[in-house]
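Here are my notes on this one, as promised. Have a look at the model first, then read on.

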Amino acid sequence: MADRVFCIDFGSDYTKVALRRDPGADSELLKRRGANTNEPEFCFHSTVAVDRRGPKAIPEFGEKAADLSPGGGVDVYRNWKKSLFLPETSSAKSNQSPLEALIQSAELRELAIKYGVATSQLTNLQHLVGAAKNLIAGPTGKVYSAEIQQQTIAAALAPHFFIWLRQQVLDACSRLPTTGLKYDSIPVRITVPAFDQIKTAESQPGWKVLIDALGKAGWPLHPDNPVTAEPYANAIGILTKASNSFQRGQVRIGDMFGRGPFITVLKDATHHPLYRALVIDIGAFTTDFALLTLKPNDDNSSDPDSNISVIQKSIPLGVSDLDARMTDALPKEKGEWLRKTNPLNWEDFRPAVYTEGKGIRVPELGIIGGPADAELVRSCLAELANRIADETTKFLESMGPVPSGSLEELILTGGGSYIPTIREAVQIASLTGNHSYAKTHAPALKKVTGGPPIDKLDTSFARGGTALGGSSIYFEKSLF
Ligand SMILES: Nc1ncnc2c1ncn2[C@@H]1O[C@H](COP(=O)(O)OP(=O)(O)OP(=O)(O)O)[C@@H](O)[C@H]1O
Ligand SMILES: [Mg+2]
């Protein structure tokens, strides 16, 4: 059990950090310094850059890194979280390159015969390729795939990133109203995606790298559960509205959920024996689903702590896939510009193109993603929207039929839920299998006449829910 805790939501694009400074204090998001960006002030860029232009390689982080364009001696690492969490894509692939496969193939042997190439010549060619491979790979002969190389780089970046992040966090704490707290001794928890085949947060391939990196950064780890899953943390953050309640040695779960959307059912337990919230977080790297079910007690509906269950799943699909698709689909020069531009420009590009449909002006090229590219933007957006909608349908179908008497709410979060095409596709897919929602909570929602009730979700919850929830006293299970 920890009286106070930091929670790091290590996002692929933006890292958010929350603090619970006392068992019963509301969780709060910590704010960065810096003003070059329109992103909320609790969003720290997860970008790391290495500037090798001078005699010494200089690492840069946060806004400074995001302001650097790759090339000419500058390496910019965006979305390196992906490489930590998806090593299975690389280990599944064979170590043999396509060229080696061709050289060793029966088809090539047949072609050699057809063209009258001597067998010894083909064998020599095979030896030559083998020798070249050993030369590149070193004495073990093992050639590492691009993914494994990326993973090695990401693991090397992690400690440096968390050292920098810890400085930013302690600096943010020093600007909080004085409390006499020793912030540098407060332990930390970190959230990780919840992929299918992974049973617990600790069995994530990337978690050990992150835990080691936090240790190297001098961060004390939470003594019981230093890692928790992103979808679960996000759902808790939103549904408790980041409140914590602890009185006379007891966690008051009922009070906490009473502050969030659960209030509807807590007040009306007899009519709704079951309350469910479907929380969908559309991030840069993953889309996270969490379905939280609450069965209020008949006798004491204000204390539902043992009656909460969660089903969760992260899918490696998000706004970074749309970025990649756009880069490939745009006319050559525009695509090249996007490939080479810095993360701060990307940050302007996404809302302007994906959300407002306006595009951004680039001096040499005119407007990128504007009217001239409208058709292409629409098709890239529709493609991602359809894929996320399909995953939503699959997730809901795997839940089975809606139990009778359920009162359901839909909550959409993450940067991707600001994009109308995606948000609307997910809203429609969420109706799969007779689900209907008493209320939909999402950022930038507009009330539709005759449509279901809506609640415009505040930015700090839409983007900061995971960090806020991850620092909740709800996760201090030893108190229960
Ligand atoms: N209004 C907007 N319109 C379009 N895109 C946006 C908007 N606001 C934020 N984004 C983009 O949404 C993406 C996802 O942001 P978010 O902070 O949810 O991701 P993350 O937490 O870093 O990713 P993950 O949780 O997958 O690791 C970012 O690329 C961000 O730039
Ligand atoms: Mg996220």
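Which residues come nearest to ligand 1? That's point 1, and the rest follows from there.

1. Keep in mind that this is a predicted model. Around ligand 1 there are 22 residues, and Gly11, Ser12, Gly283, Gly415 and Tyr418 come nearest.

2. On who supplies that shell: helix 14 (residues 343-355) gives the largest share, five residues. At the domain level, domain 2 (250-318 + 388-472) and domain 3 (319-383) each contribute at least three residues to the shell around ligand 1.

3. Now the overall fold. The chain has 17 helices and 19 strands. Of its 480 residues, 41% are buried. Take the contacts between residues at least 6 apart in sequence: 71% of them join residues at least 24 apart.

4. The largest nonpolar core holds 106 residues, and the ones touching the most other members are Phe6, Ala235 and Val279. Helix 15 (residues 374-397) is the top contributor to this core, with nine residues. Domain 2 (250-318 + 388-472) and domain 3 (319-383) both give residues to the core, so it lies between them. As background, nonpolar side chains tend to be buried together in soluble globular proteins.

5. Leaving out residues up to four places away in sequence, Ala235 touches Ala277, Val279, Ala290, Leu292, Val310 and Gly469.

Terms used
Residues are numbered from 1 along each chain as its sequence is written. Chains are lettered from A and ligands numbered from 1 in the order in which they are written. This is a predicted model: local features need pLDDT of at least 70, side-chain atom pairs count only at pLDDT 80 or more; totals for chains, interfaces and linings use all residues. Helices (H or I, at least four residues) and strands (E, at least two) are DSSP runs, numbered from the N terminus. A residue is buried if 20 or more other C-beta atoms lie within 10 Å of its own, exposed if 12 or fewer, and partly exposed in between; C-beta atoms are placed from the backbone. Two residues are in contact if their C-beta atoms, placed from the backbone, lie within 7 Å. A nonpolar core is a set of buried Ala, Val, Leu, Ile, Met, Phe, Trp, Tyr and Cys residues joined through C-beta atoms within 7 Å. Domain bounds come from an automatic or database domain assignment. A residue is near a molecule or strand if its C-beta atom, placed from the backbone, lies within 6 Å of it.
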